[in-house]
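This report describes selected features of a predicted model.

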Amino acid sequence: MFEVADIILQRVIFSASAKMDERLFYRSLGPVENKKECFVIKKGSIVSTDTYMNSFDCWAWNKYTGQQNWVLKVKIQGDFFIRLCAWDGKKKLILQENSIDAKDIFRDVVISFQGAAKTGLIFLEIEAVSDTCLYQAAYCLNEEKLAVRKIQLSLIICTYQRNQELYANLERIKESLFFDKDSSYYGGMCVRIVDNASELPKNIEQAGIYLYHNPNTGGSGGFTRGVLESRQDEKRDGITHVIFMDDDARVELESFYRLYGLLCFVLPKYRDVVVAGRMFSLEEPCVQYTAAECWNQGDVRHVGYQQDMRERSGLLEMNQSLGEYSGWWFACFPMSFVREEIPLPFFIHCDDVEYGLRHGGKPILLNGIQVWHETYENRQSAFIYYYDIRNAMIVNTIYGFCESGKELLKKWLLRVMYDFRAKKYFSLYPSLQAMIDYCKGREFFFAYTEKKEKLALQRTFAGLFVMVMICIRLPVFWIKINRAFQSFKEINT
């Protein structure tokens, strides 16, 4: 381990799981071996870290922290050439090169690259003259008396009968430096598990891990419970930020470390900004499904959609794109916002949209802060479709994306007609039920205790029958929709 005095911004990690391509982490010419204690570069092999996980983005770190006095620290043993390189989007630039013979004992190599904010992506390259063992590498701040902002993370995980996934994440987090008494990270993050099934045993609690049994109020209700508990413990624990994370998201511990390092030094003008965690696909682990989201009146646009992050071509600008909000698979909010605002009771879907739009800032993106998660296309059902339609109409009303009830009704009808022509008959009943419930207005929305079984007993109606029902109810919708529209418009006023 580096000394506590070293201010680590970003570690170089090589621990790719069996399903992940090594090119997310490193590129190699020749054989290598990823051992538990070190990364072995065989004689004659060359390894570089011009990758998504291990490139150091000078532009992003300088923009958000204002720092440029950086060093690369490497703990290594062997006979080798070590190079600090930059990637400008077209070619590799060698900034520094050293030949080191340290076959008998490991060496601490320190390479400074102060003032390199405009050189593109920085990365490490090692050419092994003999078998070389790389024990540790990290990008740090080369400052002795720099004031470090105290950060305390409250990680909220909302869960409902996904015990296997939850336990896997919890065990991984318990192995982190946040629970290592000898680490400078110790105590810097606590975990609040909100169990909407109220079935997890209380013995999973320990110092820094809390469990709350909660009614099944969906994701929005579960995260709201975590927010309220974080508020209550804010002064006791010194909480500065709250992370919303799905129970079935697969996360690398480096994401937490990198987030923590960013928040320690973020400039005052960015302290109230959300940090977005990217979503990578569980089915295709090297593919970024989205970096952040743009609402687009419900026709969601994913920033960096379906981008293969093994390719160098997409790395130079990967942190420069802007979205409107971050999904709750991994989203970090400042306590200054969470202290004043709670999610609306959407049950599921669009809760993260509305909360992010209410915040109003453009989320920060930084490579290495991400999760692997099942993508939206693999989670469709009549139940989910109902909430997609109903909650999207509410969001569009609140934020003025529909100027009148008439416009809202028109857009809803167009979507129903599209689904009918596309033979998506499963969606017709949920669409009708969504409009019926929307028309009940704001008071019903806030008072209704929703059940996940709401649509479980409903079966797909024949398309023609549902269309007849819609036409019959159109006059009723027209009478009620304007009243409901006005009631939802008042939510954020």
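## Aromatic contacts

One aromatic cluster is formed by Phe-223, Phe-244, Trp-328, Phe-333, Phe-337 and Tyr-355. The count of aromatic pairs in the predicted model comes to 37. Among them is the pair of Phe-113 and Tyr-139, whose ring centres are 6.0 Å apart and whose planes stand at 90°. The pair is edge-to-face because planes over 60 degrees apart are classed in that way. This pair links distant parts of the chain: Phe-113 belongs to the loop between β8 (92–112) and β9 (121–128), Tyr-139 belongs to strand β10, and the two are 26 residues apart. Phe-113 is buried, with a relative accessible area of 5%. Tyr-139 also counts as buried, at 0% relative accessibility.

A tilted aromatic pair is formed by Phe-178 and Tyr-257, with 5.7 Å from centre to centre and 35° between the planes. Phe-178 lies in the loop between α2 (163–174) and β12 (189–195), whereas Tyr-257 lies in helix α4 (residues 253–265), so the pair ties together parts that are 79 residues apart in sequence. Phe-178 has a relative accessibility of 2% and therefore counts as buried. Tyr-257 is likewise buried, its relative accessible area being 8%.

## Strand pairing

Strand β7 (residues 70–87) and β8 run antiparallel and are joined by 16 bridges. Within this pairing, Lys-73 has Val-110 in β8 as its bridge partner. The two strands, β7 and β8, form a hairpin with four residues between them. Gly-89, in the turn of this hairpin, has a positive phi of about 100°.

Elsewhere, five strands make up an open sheet of mixed pairing, in the order β15-β23-β17-β18-β21. Its edge strands are β15 (250–251) and β21 (307–308), each of which pairs on one side only. Two bridges connect β15 with strand β23 (residues 370–373), and the sense of this pairing is antiparallel. Val-251 has Val-371 in β23 as its bridge partner.

## Surface patch

Which residues make the nonpolar surface patch of about 300 Å²? The patch is made by Ile-105, Phe-106 and Tyr-135. Tyr-135 is partly exposed, with a relative accessible area of 36%, whereas Tyr-139 counts as buried at 0%.

## Cysteines

How many disulfides does the structure hold? The number is zero. Cys-85 is in no disulfide, and the nearest cysteine sulfur, that of Cys-58, is 13 Å away. Cys-85 is buried, with a relative accessible area of 0%.

The cut-off for a disulfide is a sulfur separation within 2.5 Å. The closest cysteine sulfur to that of Cys-439 is in Cys-402, at 13 Å, which is too far for a bond. Cys-439 has a relative accessibility of 9% and therefore counts as buried.

How values were computed. Residues are numbered from 1 along each chain as its sequence is written. This is a predicted model: local features need pLDDT of at least 70, side-chain atom pairs count only at pLDDT 80 or more; totals for chains, interfaces and linings use all residues. Side-chain values use heavy atoms; hydrogens and water are left out. Buried means under 20% relative accessible area, exposed over 50%, partly exposed in between (1.4 Å probe, protein chains only). Patches are made of residues with over 30% relative accessible area and no salt bridge: like charges are joined within 9 Å, nonpolar side chains (Val, Leu, Ile, Met, Phe, Trp, Tyr) within 5 Å. Accessible areas come from the Shrake-Rupley method with a 1.4 Å probe; for residues, only the protein chains shown count as cover. A salt bridge is a side-chain nitrogen of Lys or Arg within 4 Å of a carboxyl oxygen of Asp or Glu. Two strands pair if DSSP finds at least two bridges between them. Rings of Phe, Tyr and Trp (its six-membered ring) pair if their centres lie within 6.5 Å; planes under 30 degrees apart count as stacked, over 60 as edge-to-face and the rest as tilted.
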